[in-house]
Amino acid sequence: MARRIRIPLLIDILEVDDAASIDAINQDPRLDRAYGRTGPLFNRMLAARLMRVFRLDGALFPTMLGRTDAARASAQAALAARLQETPVPDLADDDAMVAYVRGAAAREKAGPALQRLVGRLFDPAFTPAEGEAQRLWDAAIRFDAAARSPNPLRWLQQALFGTLHADRNILAGAVGRDPMAIHAIGIALHNIMKSLDRLRECHDDPVRRFALDGRSAAIAALAAPDAVLRQAKAVADVPGGSLTPGTLVQLKLADAAERRLDPAIAFQSPSWNACPAAGFVARLLAAIWIKARAKDEQP
Ligand code: HEM
């Protein structure tokens with residue numbers, strides 16, 4: 001299904017939420033995510049803001065870089081190859097993520113444990129002490145929420161008080177100011193956390209608790225990003241409408257992935273923008289589920 005929000009000179013956004021249209025638009029070279037300041041007023045403001053928020057020391061986060069950016073593609077391939085070889089760390093019996101899925105620990109405990117695990121994928125010495133771990137997790141929650149806000153009044157508030165930049169700096173300081181690692185511990189890990197929320201719901205339900213093995217639990221619980229954004233670089237007729245330069249298109253991955261229960265949609269696996277952590281995340285969710293289930297008695 002497609003929805004168009006268009007007020008001449010002010011805003012022009014197309015939303016699509018079915019897998020076929022998402023795929024067609026994502027593969028169309030006339031659309032990209034290297035956002036320029038074109039189109040109506042709100043579109044230009046949003047594009048400029050994203051380029052400010054997801055940038056550090058002049059370097060853009062990987063999810064802001066264009067489809068043909070060779071350095072982006074090689075960093076994506078290098079991370080994918082490295083994570084392919086990375087085993088999921090052994091999970092202790094009292095691991096906070098496992099306890100959270102079993103309904104025996106709070107989200108506030110599981111979040112920092114997950115962040116530590118993701119941070120260590122980039123720096124094996126990433127071991128913040130308890131107080132610092134809490135500060136980093138809180139910064140990740142605020143940074144993600146602030147970055148996703150579509151409300152220009154909140155943008156103004158964040159600019160005036162510098163809160164978003166402060167949280168980005170807290171995260172940056174923990175991972176050597178590497179934009180890919182900040183993306184991982186500040187943005188991407190919220191998709192894993194949301195997947196843990198769903199594993200917890202599965203565990204809470206006696207039918208699903210005993211019906212799902214590790215792989216099927218990981219598929220059932222996997223949470224995709226709500227949406228990813230593309231910008232029309234030229235006039236283009238695409239599923240859902242005709243675009244002019246600057247039209248923004250929201251590819252609503254979560255809706256599409258949930259309808260099909262398809263990890264390839266959630267991770268954009270066969271595409272130029274494929275998530276390099278796909279295999280690792282799937283193995284991690286399965287391992288957490290198996291560990292959480294280990295103490296359950298069969299009915
Ligand atoms: C449930 C967990 C996750 C899901 C569903 C997910 C999904 C995605 C999706 C859909 C994209 C494409 C974004 C776009 O099209 O603009 C993406 C990109 C990316 N993801 Fe993930 N992700 C997850 C976790 C992670 C983790 C834990 C890491 C790091 C360890 C990571 C690293 C990246 C990177 C670096 C990119 C940019 C790739 C590029 O285009 O160069 N992701 N992810």
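Which residues in α5 meet which residues in α9? Before selecting them, note that this is a predicted model, in which local features need pLDDT of at least 70, side-chain atom pairs count only at pLDDT 80 or more, and totals for chains, interfaces and linings use all residues. Residues are numbered from 1 along each chain as its sequence is written.

Select helix α5 (residues 107–120) and α9 (179–204); helices (H or I, at least four residues) and strands (E, at least two) are DSSP runs, numbered from the N terminus. Ala-110, Gly-111, Leu-114, Gln-115, Val-118 and Gly-119 in α5 meet Ala-184, Ile-185, Leu-189, Ile-192, Met-193 and Leu-196 in α9, contact being C-beta atoms, placed from the backbone, within 7 Å. This contact comprises 9 nonpolar, 3 polar and no charged residues (nonpolar: Ala, Val, Leu, Ile, Met, Phe, Trp, Tyr, Cys and Pro; charged: Asp, Glu, Lys and Arg; polar: the others, Gly among them).

The largest share of the shell around the ligand, 8 residues, comes from α9. The shell divides into 21 nonpolar, 7 polar and 2 charged residues. Of its 30 residues, Ala-184, Ala-188, Asn-191, Cys-275 and Ala-277 come nearest (a residue is near if its C-beta atom, placed from the backbone, lies within 6 Å).

Finally, select Ile-7, which stands opposite Ile-11 in β2.

Key. Two strands pair if DSSP finds at least two bridges between them. Axes are lines fitted to C-alpha atoms, for helices over the stretch in contact, and angles run from 0 to 180 degrees between N-to-C directions. Two residues are in contact if their C-beta atoms, placed from the backbone, lie within 7 Å.
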